[in-house]
Amino acid sequence: MKPIDFRSDTVTRPTPGMRRAMAEAEVGDDIYGEDPTARRLEERVAEMLGKQAALFVPSGTQANQIAIGLHCRLGDEALAEANSHIFHYESGGVSGLWGVQPGPLQGERGLITPEQVTVAVRTDFISPRSRLLSLENTHNRGGGKVWPLERFRAVVEAGRKAGLAIHLDGARLFNAAVAAGTPASAWASLTDTVAVCFSKGLGAPVGSAVLGTREHIQEARRLRKRLGGAMRQVGIIAAGALYALEHHVERLAEDHAHARRLAAGLAEMAGVKVDPASVETNMLVADFPLPVAEMLAKLAAHGVLGGSSGAGPRSVRLVTHLDVSSADIDEALARIRRALAG
């Protein structure tokens with residue numbers, strides 16, 4: 001029985017067209033700035049997001065960490081929602097790499113308010129200097145929550161008034177754009193730096209980008225080298241990311257529809273609690289009758305792979321993606337019914 005993998009949208013495999021593009025990519029030494037495919041990718045994503053420049057990096061974590069290194073100095077404070085990726089999934093890089101103190105703000109599904117930002121900013125000489133506000137769109141631990149643009153703008157304005165630099169962790173920004181029917185640049189244009197990921201919903205095998213001003217990206221190249229992220233003939237993997245930008249953005253709507261249909265099917269099952277209306281993109285969080293570890297093992301025994309959402313002791317996260325078809329949704333629902341009945 002072939003597993004249906006809902007653990008993350010990072011598990012996708014390159015499509016045949018993407019593999020051809022990677023195999024045929026024109027390459028050069030990227031540390032010397034001579035990889036033409038990497039340059040085309042950086043120019044294209046900068047154009048899409050309305051930024052002056054971009055830098056291709058190996059991972060979303062590195063993109064975010066480079067941004068923190070750009071904006072903060074030793075002993076500064078970075079504000080972000082308490083469940084943000086930079087606090088939970090980047091191995092303590094905020095403090096370990098840069099000596100920056102996390103300033104967590106408790107939000108609702110990852111969203112915070114302008115008032116929270118204003119109150120949190122420190123101004124006395126005894127406290128660490130609040131230097132950066134990082135916002136995440138869509139919000140991972142918020143179950144794929146999309147930032148409403150006007151609320152995002154208001155929070156950014158509060159940060160600006162307090163003298164903060166603004167970073168956008170837009171690992172799944174294109175999911176937000178497709179779901180809201182709003183260009184990704186609408187959010188990105190409000191911030192100093194942006195990180196986007198090509199290896200999640202867009203389906204590339206590896207890679208992210210950090211974007212900002214030309215001056216930001218010039219310094220980002222130095223920080224990338226320091227972090228071991230500078231590579232040589234990087235065009236082979238940059239070609240996969242470029243193909244994803246050109247072919248896999250609009251199709252994200254399919255993943256969103258699959259997630260809503262999966263949630264609707266789960267809502268009909270006894271013992272499962274999920275609100276289909278809360279599903280905005282390609283993630284859903286459902287409460288099952290058993291503790292997470294037991295439930296995940298039970299689902300895996302029936303060929304359905306999921307993950308912990310971090311939202312509660314019985315909350316399971318399921319993520320749809322390029323490698324999950326409409327037929328897979330029907331089959332997954334049948335398998336989950338059998339798992340619950342067994």
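Are Trp 147 and Phe 152 buried or exposed? Both are buried, where buried means under 20% relative accessible area, exposed over 50%, and partly exposed in between, with a 1.4 Å probe and protein chains only.

Some ground rules. This is a predicted model, in which local features need pLDDT of at least 70, side-chain atom pairs count only at pLDDT 80 or more, and totals for chains, interfaces and linings use all residues. Residues are numbered from 1 along each chain as its sequence is written, and side-chain values use heavy atoms, leaving out hydrogens and water.

Now the aromatics. Searching the whole structure gives two aromatic pairs. Rings of Phe, Tyr and Trp (its six-membered ring) pair if their centres lie within 6.5 Å; planes under 30 degrees apart are stacked, over 60 edge-to-face, the rest tilted. Phe 56 and Phe 198 have ring centres 6.2 Å apart and planes at 35 degrees, so this pair is tilted. Phe 56 sits in strand β2 and Phe 198 in the loop between β7 and β8, so the pair ties together parts 142 residues apart in sequence. Helices (H or I, at least four residues) and strands (E, at least two) are DSSP runs, numbered from the N terminus. Phe 56 and Phe 198 are both buried. Trp 147 and Phe 152 make an edge-to-face pair, 5.6 Å centre to centre with 80 degrees between the planes.

Next, the core. A nonpolar core is a set of buried Ala, Val, Leu, Ile, Met, Phe, Trp, Tyr and Cys residues joined through side-chain atoms within 4.5 Å. The largest one has 54 residues, and Leu 49, Val 196 and Phe 198 have the most contacts inside it. Helix α11, residues 235-247, gives the most to this core: seven residues. A second, separate core has 26 residues, including Val 272 and Val 316.

On to the sheet. It is open, with seven strands in the order β2-β8-β7-β6-β5-β3-β4 and mixed pairing. Strands pair if DSSP finds at least two bridges between them. Which strands are at the edges? They are β2 and β4, each pairing on one side only. Strands β3 and β4 run parallel, joined by five bridges. One of the bridge partners: Ala 78 with Pro 102 in β4.

Last, helix α10, residues 214-226. Its buried residues are His 216, Ile 217, Ala 220, Leu 223 and Arg 224. Just after α10, Gly 228 takes a positive phi of about 80 degrees.
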